[in-house]
Amino acid sequence: MGQICDGYILGIVGIALSYAVQPLGLDGFWMGLIGAGALFGILLGSLFAGIVIDRIGRKTAYTFVALFSLVLSVGQFFLSDPAHLVAARFLLGMCVGADYTVGVALLSEWTPERIRTKMMSWLMAAWTFGYIISYFAGLLIATLGDMGENGWRWIICSSALLALVTLAVRVGSPESPQWMLAKRGRTAALELVHRYLGANYALPDQVEKSVSASFFMLFSPQLWRNTLTSCVFFLCQVLPFFAISIFLPVVVKGLNIENPHASGMMYNAFTMIGVFIGIIVAPRVSRRGFLIWTFYGAAAILTVMTLWRGMPASAAFVLLGAFSTVLAISIVAEWLYPPELFPTELRGSGVGLTIAASRIGAGMGTWMLPVVTEQYGVSVTLACCIATLVIGGVVCQLLAPETSPRFGARGVALSPGH
């Protein structure tokens, strides 16, 4: 539920802004900044939460971020100043960033290794589902009646319903057994496992070696490659994903597609299909190969879209669908790969730093897309997205460690000695 709510919070702003342009008098600058506000907030929220939960545990933050998301979602209804809306979206993004960090860490640390890949992949499917249904929910709310200038308010604060459900189902969630093992010893961790799973469950036979919990250990000779890979691959995936999907009507207009809502529904449908394909493929292939070829594949499709001037609308639909599918396949790795790159003592900090770094790209891409498109056209915008995808592919090809046990993982994240 947390991931569904987080995806919805980020996705709903796009359709809300399309109805808020006239009531709020928004230009490209303010549209981009409001759209990117939550993404910039994720940067600070995930970074701060990662450091905190590695010290105090996962449980408390897991519940409170849902409560804060509920309050801030409702609060958006009462705002009229674009600057105030940017501030509210920033704070809401901090909640989302904190939720990403604690949710990914908690699930990965409760899940047995044999099903961890599947579970983390489904976590991304839940996020994508929330992101996609926000588009359809926004259109549905807009058709419920003549809401006048308040239409965008009802759309953007609809995330409060999902935040309320998330809060309800999280009450009573347990602490992470791996965090308990690292901080309070084997007895406390085993007691937690027996209480919530049963006496027939045990801790892993081989536990990770204890390493320094200092945040700066992420940049040590043992872990800097993992840290750099995690940050760069995430950044290079989310920049084109958010920039294109949040302002899809702007992009498709530049591709000479006349019906933005039809293209939006198609784009989101193929995004969901791509995530399901990614869930099936991810456990069966090398992590490195999965990252490298999805980057290059998405870049190749987007290159054709950019260079083919005056393409017919039918071809643009096909290429847009192919691009959304390949990019969606790639994002399955976003919650699967980073937790595998860091030891327990640094997993919260490592995942938090990864999410924070990625939001620099996502925020700047979302903020600047309408501005760049207004000034230079959609071709230049897409060229920037292509360059980002190529950089991601090259970095992964040079630095990404293999973490899948099926393909010779060398345990680089499990011990400072490797």
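Me: Which residues does Leu33 touch, once residues up to four places away in sequence are not counted?
Reply: Leu33 touches Val86 and Trp367. The model is predicted, and Leu33 lies in helix H2, residues 28–56.

Me: What makes these residues count as touching Leu33?
Reply: The test is heavy atoms within 4.5 Å. Val86 and Trp367 are the residues listed for Leu33 under that test, with residues up to four places away left out.

Me: Why does Leu33 count as buried?
Reply: Buried means under 20% relative accessible area. Leu33 has 15% relative accessibility, so Leu33 counts as buried.

Me: Where is Leu327, and why is Leu327 called buried?
Reply: Leu327 is found in helix H14. The relative accessible area of Leu327 is 1%, and the cut-off for buried is under 20%. Leu327 is therefore buried.

Me: What is Leu327 in contact with, leaving aside its neighbours within four places in sequence?
Reply: Leu327 is in contact with Gln237, Pro240, Phe241, Tyr267, Ala298 and Leu389. For one of these, Ala298, there is also a distance: the C-alpha atoms of Leu327 and Ala298 are separated by 6.0 Å, although the two residues are 29 apart along the chain.

Me: How do you know that Thr325 is buried?
Reply: Thr325 has a relative accessible area of 13%. The limit is under 20%, so Thr325 is buried. Thr325 is placed in helix H14, residues 313–331. With neighbours within four places in sequence left aside, Thr325 is in contact with Phe270, Gly274 and Ile277.

Me: What makes Thr388 buried?
Reply: The relative accessible area of Thr388 is 11%. Buried means under 20%, so Thr388 is buried. Thr388 sits in helix H17, residues 378–399, and touches Cys236, Leu239 and Pro240, not counting residues up to four places away in sequence.

Me: Why is Pro283 called partly exposed?
Reply: Partly exposed lies between the two cut-offs, under 20% for buried and over 50% for exposed. Pro283 has a relative accessible area of 23%, so Pro283 is partly exposed.

Me: Where is Pro283, and what does Pro283 touch?
Reply: Pro283 is in the loop between helix H12 (260–281) and helix H13 (287–307). Not counting residues up to four places away in sequence, Pro283 touches Thr117, Gly278 and Arg406. Pro283 and Trp308 are 25 residues apart in sequence and 35 Å apart in space, C-alpha to C-alpha.

Me: Why does Ser404 count as buried?
Reply: The relative accessibility of Ser404 is 3%. Buried means under 20%, so Ser404 counts as buried. Ser404 is in the segment after H17. From Ser404 to Val86 is 40 Å in space, C-alpha to C-alpha, and 318 residues in sequence.

Me: How are H4 and H8 oriented to each other, and how do you know?
Reply: The axes of helix H4 (residues 82–110) and helix H8 (residues 177–184) cross at roughly 85 degrees. Angles of 65 to 115 degrees count as roughly perpendicular. H4 and H8 are therefore roughly perpendicular to each other. Their axes come within 7 Å.

Me: Which residues of H4 meet which residues of H8?
Reply: Ser108, Glu109 and Trp110 in H4 meet Pro177, Gln178 and Trp179 in H8. The residues of this contact divide into 3 nonpolar, 2 polar and 1 charged.

Me: How many helices and strands does the protein have?
Reply: The protein has 17 helices and 0 strands.

Me: What percentage of the 418 residues count as buried?
Reply: Of the 418 residues, 58% count as buried. The protein exposes about 16,900 Å², and carbon and sulfur atoms supply 68% of that.

How values were computed: Residues are numbered from 1 along each chain as its sequence is written. This is a predicted model: local features need pLDDT of at least 70, side-chain atom pairs count only at pLDDT 80 or more; totals for chains, interfaces and linings use all residues. Side-chain values use heavy atoms; hydrogens and water are left out. Axes are lines fitted to C-alpha atoms, for helices over the stretch in contact, and angles run from 0 to 180 degrees between N-to-C directions. Helices (H or I, at least four residues) and strands (E, at least two) are DSSP runs, numbered from the N terminus. Angles under 35 degrees count as roughly parallel, over 145 as roughly antiparallel, 65 to 115 as roughly perpendicular and the rest as oblique. Ala, Val, Leu, Ile, Met, Phe, Trp, Tyr, Cys and Pro count as nonpolar, Asp, Glu, Lys and Arg as charged, and the others, Gly among them, as polar. Buried means under 20% relative accessible area, exposed over 50%, partly exposed in between (1.4 Å probe, protein chains only). Accessible areas come from the Shrake-Rupley method with a 1.4 Å probe; for residues, only the protein chains shown count as cover.
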